[in-house]
Amino acid sequence: DIDVQGFFQVRQHCDDYLSIFLYVPEDRYEARLRNRASEDEAAIQRRLQTARWEITQAGEYMVQLVNED
């Protein structure tokens, strides 16, 4: 379990790997963050911005899966 930047580093050094991009639709991700009530609005917005960028990188992975739960 590594983030997108970590995946890019691993990919540079390994020839034999399987990459899977697992993500939650943005509306559900935002709801999960807000329901936790553990972060302020600025932190939630930072996480959402990061998630949006990471989703743009999904095509770099061999498999993309959406977690709808």
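Helix α1 (residues 4-13) buries V4, G6 and F7. Buried means under 20% relative accessible area, exposed over 50% and partly exposed in between, with a 1.4 Å probe and protein chains only. Helices (H or I, at least four residues) and strands (E, at least two) are DSSP runs, numbered from the N terminus. Seen down the axis of α1, the buried residues fall within an arc of 150 degrees, so they line one face of the helix. That arc is taken over the directions from the helix axis to the C-beta atoms.

This is a predicted model: local features need pLDDT of at least 70, side-chain atom pairs count only at pLDDT 80 or more, and totals for chains, interfaces and linings use all residues. Residues are numbered from 1 along each chain as its sequence is written, and side-chain values use heavy atoms, with hydrogens and water left out. The predictor's confidence in each residue is its pLDDT, from 0 to 100. The protein averages 94, and 100% of the residues score at least 70.

Back to α1. Its buried residues pack against β1 and α3, where contact means heavy atoms within 4.5 Å. The face turned away from the buried side carries the exposed residues Q5, Q9, Q12 and H13. At the N-terminal end, D3 caps the helix: a side-chain oxygen lies 3.3 Å from the backbone nitrogen of Q5.

Now follow the rings. The whole structure holds five aromatic pairs. Rings of Phe, Tyr and Trp (its six-membered ring) pair if their centres lie within 6.5 Å; planes under 30 degrees apart count as stacked, over 60 as edge-to-face and the rest as tilted. The F7 and Y17 rings have their centres 6.1 Å apart and their planes at 70 degrees, so this pair is edge-to-face. It links distant parts of the chain, with F7 in α1 and Y17 in the loop between α1 and β1, 10 residues apart. F7 is buried, at a relative accessible area of 5%. Y17 is partly exposed, at 27%.

F21 and Y61 also pair edge-to-face, at 5.0 Å centre to centre and 65 degrees between the planes. F21 sits in strand β1 and Y61 in the loop between α3 and β2, 40 residues apart. Both are buried: F21 has a relative accessible area of 6%, and Y61 has 8%.

Which residues make up the largest nonpolar core? They are V4, F7, F21, A58 and Y61. Such a core is a set of buried Ala, Val, Leu, Ile, Met, Phe, Trp, Tyr and Cys residues joined through side-chain atoms within 4.5 Å.

Conventions
Polar contact = N/O pair within 3.5 Å; in protein donor to acceptor, adjacent residues only side chain to side chain.
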